[in-house]
Amino acid sequence: MKTITSCLATIVCLCLCTFSAFAQTPQPTPVKVDSETISGLGARNIGSAAMSGRIAAVDAIREGQRLTVYVGAASGGVWKSVNGGTSFKPVFDKQPVQSIGAVTIDPKNPKVIWVGTGESWTRNSVSVGDGVYKSVDGGDNWTNVGLNNSERIAKILVDPSNTNNVYVCTPGKLWSDSDDRGVYKTTDGGKTWIKVLKGANASTGCSMMSMDKSNPQTIYAGMWDFRRKGWTFRSGGDGANAASGSGLFKSTNGGANWSELDQNSAKGLPAKPWGRIAVAVAPSKPNVVYAFIEAEMPKGGLYRSDDNGATWTALDRSANMVWRPFYFANLIVDPKDENKIYKPDGPLIASNDGGKSFSNISGGAHGDFHDVWVDPNNSDHLITGDDGGLWYSYDGGNRWWKADNLPVSQFYHVSLDMDMPYHVYGGLQDNSSWVGDSAYPGGITSSRWENMYGGDGFWMFADPSDPNYIYAEYQGGEISRINRKTHESRNIKPLPLYKEGKLRYNWNTPIHLSPTGDGTIYIGAQFLFRSRDHGQTWERISPDLTTNDPEKQKQEQSGGITVDNSAAEMHTTIYAIAESPKDPNLVWVGTDDGNVQVTRDGGKTWTNVIGNIPGVPKNVWVSSVEPSHFDPGTAYATFDAHTFGDMRPYVYRTADFGKTWTPVVNEAAPVHGYAHVVKEDLVNKDLLFVGTEMGLWVSLDGGKQWAQYKGDEMPSVAVRDLAIHPRDHALVIATHGRGIWIVDDITPLRSLTADTLPKEALFLQAKPSVQVIPAGGGWANGDAAFVGPNPTDEAVFVYYQKKRHIFGDLKIEVLDSTGKVVGTIPSSKRRGLNRSTWPMRLKAPQVPRAATAAFGAAIGPRLLPGTYTVRMTKDKQAYTTELRVVQDPRSKHTADDRRAQFDLAMKLYNLLGNMTYSVERINNVRLALEERAAKLPATDPLAIRLRAASAAVDDMRKKIVATKEGGAITGEERLRENLADLYGNVNGYEGRPSATQVARADVLAHELGDIEKDFDAWLAQELAGLNSELTRKNLETIKLLTREEWDAKNAQK
Amino acid sequence: MRRVLLMLAGLALLAVPASAQTADEIVAKYIKTVGGADKIQSVKTLRKLGTFNGGGGFEAPIVEENKRNNMVRQEFSLQGLTAVNAYDGHTGWKIEPWQGKKDAEPLGEEAMKQIVEDSDFDGPLVNYQQKGNKVEFLGMEPVEGTDAFKLKVTLASGDVRYYFMDTDYYVPIKIETKRMIRGAEREYETSLGDYKEVSGWYMPFSVESNVKGNPNRAKVTYQKIEANVPIDDTRFHMPAVNASAQPGTKPPDAADTLPKRTDEKKTPAKPPTKP
């Protein structure tokens, strides 16, 4: 070891020498701030699984008798269950993307999992992926095996005859041309890939693929020509009869050659042009092939071939078959019955007659279905995923059971109120607008979230001027003011003037509350509206602030073959609104077509400052504007160019009301993903947060360095919005795919600066620690329910270490105002920020040993609010910080009440200690009596007398403690049990104890005193005589255990 | 300055790139860092005295005793009652005294698996081949901001542990454990720190563990670890049925602290030590 020690010393010396050498240079490199510097400040994920979120793909396999399920969330990673869905764990959280398009389990080896990233249900809010991932150990570890530029993947097929042969169906990029699309094949388990089927043009990729598993060389692929722009979408060409690259293809030699199946080559197929195509071979009878073909009505619909694709028959073309093909184009045939087909659509529809007719089998599920898994052993057992999560049916789709354990909720925005604990508000993709508790006794179950409105939800606020009301909206600016208790809602959307035509409201229409808190509210169409009377009247305070480009206003023609004008493509709209906290007349507006407009006179005049922002691509979305809390001229803005195929983050700052702008995220920064939101801290102007499609990024120095926040394994999920609680200093993170995450106190980040980072270790200021009202709650939820954790109810302190602590002690103690150590705490060891907690309690009282444990007395009294000192000793260096402990602001107890409670708890605490001494004192005598007796012949009169004395003494002990053994509920109560119960009750309520409790404390003290007196009387009467008899027999006399001896013994412990 | 740079270059060479590492090299460096095989082998018994911290102010003294080759006894005390989990190389047993039943009972499947793992005196990496364990180097993975070598250790039982070894010192800073219980995986995480020397062997004095993904951690801090203290084998054997439970003896008294009579079964060589 000596060698190693000296070796280490050399390294340390070298580093020091090096440091001093570099210290001579004028500008030392700042300490690197990376993910782990900041992520020790953990976050808690409060869900919710109540509304859950969109599921894109499902696969399952039996391992023995048990069902293993893999679920691909649209933007929330991959989840695995090994018990048929009773419990899930996320298995993809360490990967850099969370959008999933396809999940396929190797049919020969259930430990091999293929995941295609990038969802293929290409709605306007869809995320992006970065290729194919493979796990060979059931999802523990993943490797990206290629196709990195595919952006999205619709299907992966594994050849069951040789599982190294894998086919990937990739639609490819949604927003831009690309050659990285089509059908790819590997023959070496993913090491190398070749494109086996190419699209007709740079916007045509593979939309669905199916294999004849009995003859895996036979593959069908639907090729799809598609493109989305901010203002339009086409499935197929630009119009019902425009040229399209879409087509259906078949290979019978493992993808080496393909023949196109169309009107000419395969009788019965409709005339082109086509849009999105789904195809499925019936597993039980592979000559039966189904294809859903999007084509101009009445040509579009379901087609069936009974001869391996040679000829086709047109079947169902009901509304739910042909609705929104870009979002619903999947067919699942029952594994055993070729005539039973499922078509996920708005509703889930099913046919039992080979596709002639379909019924809606959605039952009580959410709707907007995307995938179905049918149990090959039991066709009644189905698993489906839709926009509202995952659902199970055990009766063939008649009824559905909701998975309440997938917190993959897709928030667009978040806001907070000033309740205690505060509530979290936000709207979600196809999942309305919800209010949830940020904390609740027992944890945040699904029932602690309440739906307040409908449709797709976006911005949502409590009305600060009347907290009985909430503002929420659904798509296209349908804003309502909603009564929180009755749920009565009143639509208050600003409406067009005479002959004005349409007001252009974005899908995700911005609503903004004035930071003045006076209830002023804004909403943006192409004009900005302001209301000061809860939406009763609206002032139009701007001209059209957009480019008003008529080419981007043709939504009635959007959709390609199937018109789809749902407000999702509404463009040339206002997308961001922000009133300056420093000046209510200073309002910023960002539009989806690239304008940044500012007024400094409450809307009388507007200036478009986009021309002053160098480097921002033209006409991109201004995704957020954040006016500074410190200086009226300063503002931040994010720009999102992903709808032009540019996924880079653009974040800028102005300090002169928009005249000049500088990038806040420079090109070298590790930030990636298109930017949704920027927030400036409320206290430290250099502390910035940026949410992108790939996660949350933090800068401690005004944008010079950035680090991804990954506290508590928060994955690289889209961060759409952020809110900082002004009272609680919590950062609330709205993710689009993994619900709400909360960093309970960001105060420590505020003091992590260039000055503090180079230090070996230091404490960072945290907010005062609240003694949360002790309260129980919740009940057994089973294992199939998600429950969001509460913030800790312990005192929190935060320290920073430049390096992980590995060798030697890292000791943390808490001292009271007199310098007495009142707590010793296990320390966290990580590099960067560490968060440790102290329960604010004394050690548990001493309790006499009895038949059973008295759990009510297993914890000590909670100390009174006040100022404590935390002392950290790291190696030999000591660091201290002040810890302020305050009463729960909700508590109605006065300081005197609390003091009375603490004093009574301490009285009982000490009484338990006295009782323990009394019992030990009795036992000490008993032990001596028995020990001396054992040294005498059993029939010796003294031995008999000693044993009788022991029994007499033991009777006294048994008046103090319960002694019946056996493990049954004996109900035996003695003074100890009564006292421990009373202590537990007084300790558990931090208000004034009841008079009954106060009196009972005295009663118990009195009763204990009586027994002690009896024992003393017995000693006075018997001990001298016994001792003289012992002396006569040359045996040691019996000495009493003194309180001093006993205390000294305890101190040693 | 030039000299410093040269030395720095030398240092950089010392830092072997991850790809050049093998599992055996990492394990060898670990063993060397913590004291070497001789020092480890010279330790025949260990007694660890510590504090269990379960959060919310719940603390309890604990005692862990290990004896070569594979005996272990773990005690957890509250209000004078002591729970025991122990294994003598053949039989795993427990005493759960909290509700008034003090008899030794056999360990259930999960606790048994755990204690058999805990009975491996010097851990699964030392002499791993002899023990039938398999070690693979999976590459680098950061642990809470510190670069770590990730080793996959497949125990002879088939259960898997991932060891995350600090890249400067080659000691484990985190262990992920998977145990198959009734056919289902149970996953745990353990963080290790405060390594200190005990008879020439560096061991962690701070151990935090939790069910994987659960933020509630059980934290153990050892105040004292003693090596080569005499520990009688009887401490690890499952006690016979309590004499007091036999017919004709006095009524059972769970609260009785008196030592056993000399005519009863042999007393332990040393009474349980409380910290």
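**Close-up views of a predicted two-chain model**

View 1. Chain B contains 4 helices and 13 strands, where helices (H or I, at least four residues) and strands (E, at least two) are DSSP runs numbered from the N terminus. The model is predicted: local features need pLDDT of at least 70, side-chain atom pairs count only at pLDDT 80 or more, and totals for chains, interfaces and linings use all residues. Residues are numbered from 1 along each chain as its sequence is written, with chains lettered from A and ligands numbered from 1 in the order in which they are written. Of the 275 residues of chain B, 34% count as buried; a residue is buried if 20 or more other C-beta atoms, placed from the backbone, lie within 10 Å of its own, exposed if 12 or fewer, and partly exposed in between. Chain A has 9 helices and 66 strands, and 54% of its 1053 residues count as buried. The C-alpha trace of chain A spans about 125 × 70 × 70 Å along its principal axes.

View 2. The domain assignment, which is automatic or from a database, gives domain 1 (52-402), domain 2 (415-758) and domain 3 (895-1052). The C-alpha centres of domain 1 and domain 3 of chain A are 75 Å apart. A nonpolar core is a set of buried Ala, Val, Leu, Ile, Met, Phe, Trp, Tyr and Cys residues joined through C-beta atoms within 7 Å. In the largest one, of 248 residues, Ile277(A) and Val732(A) touch the most other members. Domain 1 and domain 2 of chain A both give residues to this core, so it lies between them. A second, separate core of 44 residues includes Leu946(A), Ile960(A), Val961(A) and Leu1004(A).

**View 3. Packing of helices H6 and H8 of chain A.** H6 (residues 941-960) and H8 (residues 995-1032) pack at an angle of about 170°, their axes 10 Å apart. Axes are lines fitted to C-alpha atoms, for helices over the stretch in contact, and angles run from 0 to 180 degrees between N-to-C directions. H6(A) is therefore roughly antiparallel to H8(A), the term for angles over 145 degrees. Residues in contact have C-beta atoms, placed from the backbone, within 7 Å; those of H6(A) include Leu942(A), Val953(A) and Ile960(A), and those of H8(A) include Leu1008(A), Phe1015(A) and Trp1018(A).

**View 4. Surroundings of Leu528(A).** Leu528(A) lies in strand S41 (residues 528-531) of chain A. Leu528(A) is buried, with 27 other C-beta atoms within 10 Å.

**View 5. Cis peptide bonds.** Met297(A) and Pro298(A) are joined by a cis peptide bond with omega about 10°. Pro298(A) is in the loop between strand S20 (289-295) and strand S21 (301-305) of chain A. In chain B, a cis peptide bond joins Arg68(B) and Asn69(B), with omega about 0°. Asn69(B) belongs to the loop between strand S2 (58-67) and strand S3 (71-78) of chain B.

**View 6. Positive phi at His487(A) and Lys499(A).** His487(A), although not a glycine, has a positive phi of about 65°. His487(A) counts as exposed, with 12 C-beta neighbours inside 10 Å. Lys499(A), also not a glycine, has a positive phi of about 55°, and is exposed with 5 other C-beta atoms within 10 Å.

Definitions and conventions
Angles under 35 degrees count as roughly parallel, over 145 as roughly antiparallel, 65 to 115 as roughly perpendicular and the rest as oblique. Two residues are in contact if their C-beta atoms, placed from the backbone, lie within 7 Å.
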